[in-house]
Amino acid sequence: EAEPSVMWLSGLHIPESYLTALVQATCRKNGWPLDKSTLYTNVTQFATAEDVTERTSQGCFVHGLYLEGAGWDREENCLIKQKPKQLIQDLPVLKIIPIEAHRLKLQNTFRTPVYVTSQRRNAMGVGLVFEADLATTEHISHWVLQGFCLILNID
């Protein structure tokens, strides 16, 4: 049976291993060197996993991520300041694409850390899963000072 069209990343015990396997499989398929490959992310227009009707040719769709310290503008497809009294917000479906690092040229994006929990670590002391690329119109320092991140599990 095939892999699901949208992966629930929060449901995996060790999500890093899935992402590593994704990069390795793409590198093997395209003949890329593994040590010169990285992940690129793109937030889609799909609000939920049920909205996804297609399969991606490269990479995968993931859902179950939450914004902490920011909001998401679905029309402009970029980060916005969070609304008052709204600490956590769902992120639309995210597309993760393995790519050769030298081909990745990012502008107006914030390399956002993705953590397992809002404590930014799990029971084993490990927390950072990967870094997602999210579009922004604000300066990067704004999001750093906000303490903005993505989390997989809300408390």
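This note comments on the sheet, the cysteines and a surface patch of a predicted model.

1. Sheet order. Four strands make up an open sheet, arranged E1-E3-E8-E2, and their pairing is mixed. The edge positions belong to strand E1 (6–8) and strand E2 (37–43); each has a single partner strand, so one side of each lacks a neighbour in the sheet. On average, and with direction ignored, neighbouring strands of this sheet are turned by 35° against each other.

2. Pairing of E2 with E8. Strand E8 covers residues 94–100 and pairs with E2 in the antiparallel sense, over 7 bridges. Within this part of the sheet, Tyr 40 has Ile 97 of E8 as its bridge partner.

3. Cysteines. A search of the whole structure returns 0 disulfides. For Cys 27, the closest cysteine sulfur is that of Cys 60, at 14 Å, which is too far for a bond; the cut-off for a disulfide is 2.5 Å between the sulfur atoms. Cys 60 is likewise in no disulfide, its nearest cysteine sulfur being that of Cys 27. Cys 27 counts as buried because its relative accessibility is 5%, and Cys 60 counts as buried at 3%.

4. Surface patch. Leu 87, Ile 88 and Ile 154 make a nonpolar surface patch of about 270 Å². Of these residues, Ile 88 is found in strand E7, which spans residues 88–90. The relative accessible area of Ile 88 is 33%, so this residue is classed as partly exposed; a patch residue must have over 30% relative accessible area.

Note on methods
Residues are numbered from 1 along each chain as its sequence is written. This is a predicted model: local features need pLDDT of at least 70, side-chain atom pairs count only at pLDDT 80 or more; totals for chains, interfaces and linings use all residues. Side-chain values use heavy atoms; hydrogens and water are left out. Patches are made of residues with over 30% relative accessible area and no salt bridge: like charges are joined within 9 Å, nonpolar side chains (Val, Leu, Ile, Met, Phe, Trp, Tyr) within 5 Å. Accessible areas come from the Shrake-Rupley method with a 1.4 Å probe; for residues, only the protein chains shown count as cover. A salt bridge is a side-chain nitrogen of Lys or Arg within 4 Å of a carboxyl oxygen of Asp or Glu. Helices (H or I, at least four residues) and strands (E, at least two) are DSSP runs, numbered from the N terminus. Buried means under 20% relative accessible area, exposed over 50%, partly exposed in between (1.4 Å probe, protein chains only). Two strands pair if DSSP finds at least two bridges between them. Axes are lines fitted to C-alpha atoms, for helices over the stretch in contact, and angles run from 0 to 180 degrees between N-to-C directions.
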